Amino acid sequence: MSEVNRNMWDAVEEETKMRVRFRRFPGVMACLLGVLWLAALLSVGLAPRTAEAKPEYFSGIGACFACHSAPTPATCQGCHSHGTHSSTGMTGMNVAGATNKTSYAPGEQVSVTITGGHRPDGQSGWIRAILYDQTMKELVRSSGPTQGIGKCCGNTGYPITLTATAPTTPGTYTWNVAWYGNQFDKGNVGGTTVFGPRWTPDSTNPNHGQEIVATNSFTVAAPAAPAISLNPASLTFGTVNTGSTVTLTAQIRNTGTATLNVTGIARAAGTSTEYTFGPAAPLTIPVGGSNTLSVTYTPTDASTDTGSLTITSNASTSPTSLSLTGTGSVPSPPSQPAISLSLAALDFGTVAVGGVPAVRTTQIQNTGNAALDVTGIAPAAGTSAEYIFTPTPPFTVAAGANTTLTVTYTPVDVGTDTGSLTITSNASTSPTSLSLTGTGSVPPPPSQPAIGLTPPSLDFGTVNVGGPSGDLTTTIQNTGGASLEITGIALCPGTSGEFTWSPGSPLTVAPGAGTTLTVHYTPADAGTDAGCLAIASNDPATPSANLAVTGIGNIPPPPPDPQPTIGLTPTSLNFGTVVVGGSVSKTVTITNLGTAPLDVTSIGSCNAASAELTYAPPAPFTLAPGAQQTVTISYAPTQAGTMAMECLVASNDLATPSVPVTLTAEAVQPPPPGGLDIELEHFKATKKVKVGQQVTFKLEIENEEESSGETPATLVGMQNGVEVYNQTIMVVVEAEEEETTWSFPPYTPTAAGKIAWTVTIMDDSSRTNQATATTDVKGTKKKEKKEEKKKMKKVKKVKKGKKKDND
């Protein structure tokens, strides 16, 4: 019912009261009543449905002044405009509020358009519209000249747009709008006012109040922004030889919510150009993605180079710094062999034709630091075939070692024979020449002995003081026709006592035969020692033959300082499929392969913030040379997805300060709670097999729930403390299904020993089913015998070592 209708009905009521008061004047009152009734009927039938408060409404008839003080009639047309009804029956208000967007940034302006209320088109008047937040705190209301009621004097009224600031906290919000007016504007249906459930009366203004409705929901979200991180944040190249290169990598990661644009990568001021990198900027990295930055260090001199790379991006923390450090080192000269001969010339002296051949030796020495490959030995042009030699090439002489070259001279006629042997090798000075000379003579009378020494001199080269003695041999030959009696062997005057020999005298050498004399050189200090051994015999021509000896004593440098060396097996672990909320563990073995204690300082993933990986035992810990430590790495995912990262084991190994272990897994969500109720009825594995035979598996399950689905089943096998099998399959079950049978891929053991099998099935977020089985693996008979022999050898070796210690 419109305001004017209400006013008219009030006027009729007032007239009725007046008729009672003035019933003594029936004629006058009857006339007046008729006029009033006619006016009321005309008002109801003809007046527009709006509160067109004319100036007289504030005085004589009395409509608006009951609720409002009279405004200036000359400037405004009436009270408040009550909006548009949903029908001519005026039983609906159609009040609604809508935001201009569904998503805003924190603090952004929100515009809310309010429609509905009661006001026919073409009319104007005052309006009161109010905007509340989600807690019904008033944010803003329409403004007007008096009483804060609203638009006035010619404005079009509804719809009304009010603005306020969006919340600063991200989330989903629903605001509220209110239309203010007279409760009778909704109309009376059977004498009852029909308003919405949130109609709120105004305690200070009778018959007035607010019709409150909710707006649409909208969200407040922080603006998307990229974020940059480096893993690792620094690169340590260690010691690198000049002329060599070492390349390390770092991951540029986008941990933000918008695309990361890397606009520049450059060396910081003072950073050596010995560091190069790639790829060059610009780079675009999506949300959650990464890009590998490779940095190469190529030192040009022996010094420590520190610096950094500056990475410029659209992240708020730009620029980002990647620290670099490395040390250049001048490498040792390349390893190569070097050849020398202990005797560069062999003199066979006079040898009787048809008598005992003369034998001389020289040492082919490798004075270099790489293997010496002797590929050929041949007589030079013009050298007599009366000279033959052993050994026949090819042969190899290790660095610092030597090989005896034996040359035999068998003259066939009288005369002097000179020549040489050409020795070809992989030494830079190849070929090498060995001079030869000898004289054939008429054989001595058969009744006389004749002494010969092959070789006539021994050069021990360099022998370390305190080390093993240098041992060389010569052959005492009897080229005569009678027994040669060696009556004495002694040091020549001035010859050092560092030379000793065996066997001692007396010795007898038959005609045409020879005996070996071994000379030992054991230097007591650094320096050159030269002299001879005087060998006395019954040779009438040479009663004393001298064997020349020479050697150099050397004090070796101290052994290198002990260093630790890290060994890690395996270098990659695959956890398979892991259910979120569950956990799978794998092991790696860290071994100290060096000669000094290995300090393991840290073990961690490339994503240092990840709590899904744990390590036991945790670092730091120390391993003695030859010791091992098994580390258990456990993966307990908190969300589904693929995991691929590196676990870095850091230590005091200078050559390899950090060793990576690649970790991979696939995390899956468990079935919805109550979705599956799996009963693991039976699990079987082959009980007994031999090495090389297959182990097969049988799994029987039953679903007792009314829903169907699939869930992972994981089988793990442990043998001798090592995980040898880890497979996950997806099992599909129907609702209330009887037993179904599944199998895992077969396994072929390679070693003897019991294997413990554990199968795990998760049917909801709180329940895990497990079953176990055991397989006894026997070795083959041959393999068992071989293993038994190995054990016996180890026992004998231990006993021998203990005996040696006791001695």
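What share of the 807 residues in the protein is buried? Buried residues make up 40% of them, where buried means under 20% relative accessible area, exposed over 50%, and partly exposed in between, with a 1.4 Å probe and protein chains only.

A word on the model before going on. This is a predicted model, so local features need pLDDT of at least 70 and side-chain atom pairs count only at pLDDT 80 or more, while totals for chains, interfaces and linings use all residues. Residues are numbered from 1 along each chain as its sequence is written, and side-chain values use heavy atoms, with hydrogens and water left out.

On to the overall picture. The protein has 55 strands and three helices; these are DSSP runs numbered from the N terminus, with helices (H or I) of at least four residues and strands (E) of at least two. Take the contacts (heavy atoms within 4.5 Å) between residues at least 6 apart in sequence: 67% of them join residues at least 24 apart. The accessible surface is about 40,500 Å², and carbon and sulfur atoms account for 55% of that; the areas come from the Shrake-Rupley method with a 1.4 Å probe.

Next, the cysteines. There is one disulfide in the structure, meaning a pair of cysteine sulfur atoms within 2.5 Å. C492 and C532 form it, with their sulfur atoms 1.9 Å apart. The pair ties together distant parts of the chain, 40 residues apart: C492 sits in the loop between β33 (484–491) and β34 (499–502), and C532 in strand β37 (residues 527–537). The disulfide is left-handed because the torsion about its S-S bond is about -115°. Both C492 and C532 are buried.

Two other residues have these relative accessibilities:

| Residue | Relative accessibility | Class |
|---|---|---|
| C647 | 1% | buried |
| T591 | 12% | buried |

T591 belongs to strand β41 (residues 584–592). Its side chain makes a polar contact of 3.2 Å with that of Q628; such a contact is a pair of N or O atoms within 3.5 Å, and within protein one must be able to donate a hydrogen and the other to accept it, with residues adjacent in sequence counting only if both atoms are side-chain atoms. Beyond its neighbours within four places in sequence, T591 also touches other residues, including T565, I566, G567 and L598.

Finally, the nonpolar cores: sets of buried Ala, Val, Leu, Ile, Met, Phe, Trp, Tyr and Cys residues joined through side-chain atoms within 4.5 Å. The largest has 28 residues, and F575, I590, I603, I633 and L663 have the most contacts inside it. Strand β47 (residues 658–668) gives this core its largest share, five residues. Another core, of 25 residues, lies apart from it and includes F683, I701, Y747 and I761.
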